[in-house]
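Dear colleague,

I am handing over the structure below, and my notes on what was found in it follow. Please read them alongside the coordinates.

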Amino acid sequence: MKKLNKLMTILLLVLSLVFILTACTTPPVLPKGDINVLINKSLPDIEANENGKVDILMLTDLHILSGNTTKDKKTIAGVTKLIDNNNFDLVVLTGDVFEGYNKKSSFDKPNAVKVIAEMFEDKNQYWAFTSGNNDGEYCGSTLDIMTALSSYPHALVADSNVGGVGNYTIDIIHNKNIAHTLIFMDSRMRDENNDFISISKEQREWYSNIATNASQNNIFTSLFMHIPFIEFLEAYKNGSNFSDYNCHSTAKTINTAKDNSLLLNENIIPLANTKLIATGHTHGEDYAKLYKDICFLQVRAAGYNAWNDNLPNGGAVITIDINGKDTSSLYSIKNINF
């Protein structure tokens with residue numbers, strides 16, 4: 001009995017030591033980012049096909065820990081399968097791609113960034129990234145992530161230096177002319193009280209200038225970001241189902257800052273040429289609603305590390321037809337599963 005007690009004591013000491021060492025181990029940290037690498041960075045255009053169409057895969061909330069965990073590999077395998085089985089002109093990842101504050105020993109943000117970026121490089125697949133509230137929380141800021149991604153040829157990231165990191169545009173070209181503009185906006189993170197921060201006045205003005213200039217040239221725009229605006233709830237309640245999208249929602253509230261609107265003086269219904277506002281963030285919400293001739297698209301979490309109300313892991317396929325004259329003819333949107 002004494003021997004057994006001694007062995008148990010030794011075992012407990014060893015386990016305690018392992019726990020302490022694991023708990024005290026600081027996960028790897030991304031190198032410090034440089035905003036100058038991103039500001040006004042030149043990005044390739046996306047070419048519409050001969051019929052004027054572009055296919056975009058939108059995925060959100062992958063919550064990758066390191067790229068090497070079982071759930072990470074399952075998520076990455078799902079994304080790879082979608083790319084292999086389809087022909088997307090662009091993949092858009094709308095935030096919380098990388099896990100935020102997490103004390104698990106498997107957490108490794110530099111490797112997570114490397115694994116995601118190299119997956120797209122291996123597939124020769126262009127992709128855009130707009131950050132969420134989790135991406136820059138721990139072991140590397142949003143700027144650090146965007147700077148790291150900028151070294152990969154197929155990662156389309158840039159910044160306009162108007163608040164946050166990752167406010168930029170990508171043009172869709174048809175017959176050598178700009179036919180549609182994709183707008184990417186940083187929906188910001190949290191303040192010192194852990195409350196969500198609304199987009200800034202500078203971001204609103206930046207968006208307004210882009211949309212105004214596009215409208216003057218008869219060009220429609222689509223907006224991608226992570227956190228939805230407060231009017232998504234209004235759109236869900238009063239809008240109609242859009243396209244062939246299989247909607248799922250409990251939509252009793254919107255998990256966002258209380259004054260998070262796109263254009264405060266216009267009750268968010270933005271300048272007339274923005275016909276799609278696409279977000280992630282809420283994990284279990286998955287719907288496309290047509291409201292005041294704008295499609296409000298809320299996409300469920302794709303990652304296996306994220307709760308998503310038991311929905312199939314996957315995202316949305318957005319087909320833009322540059323010949324369209326209103327929202328219903330501009331877009332065709334459907335769910336897609338891993």
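**The largest pocket**

By class, 5 nonpolar, 3 polar and 4 charged residues line the largest pocket, where Ala, Val, Leu, Ile, Met, Phe, Trp, Tyr, Cys and Pro count as nonpolar, Asp, Glu, Lys and Arg as charged, and the others, Gly among them, as polar. This is a predicted model, in which local features need pLDDT of at least 70 and side-chain atom pairs count only at pLDDT 80 or more, while totals for chains, interfaces and linings use all residues. Residues are numbered from 1 along each chain as its sequence is written, and side-chain values use heavy atoms, with hydrogens and water left out.

The lining includes Asn40, Lys41, Asp159, Tyr168 and Asp171, and the pocket holds about 170 Å³ of space. A pocket here is an open set of points on a 1 Å grid over the protein atoms alone, where a 1.4 Å probe fits, with protein on both sides within 12 Å along at least five of seven lines; lining residues have an atom within 4 Å of a point. The volume is the space filled by probe spheres set on the points, which are joined across faces, edges and corners.

**Sheets**

Within it, β8 (residues 220-224) and β10 (residues 274-279) pair in the parallel sense over 4 bridges, and serine 222 has leucine 276 as its bridge partner in β10.

**Confidence**

Mean pLDDT (the predictor's confidence in each residue, from 0 to 100) is 91 for the protein, and 91% of its residues reach 70 or more.

Best regards

Notes: Two strands pair if DSSP finds at least two bridges between them. Helices (H or I, at least four residues) and strands (E, at least two) are DSSP runs, numbered from the N terminus.
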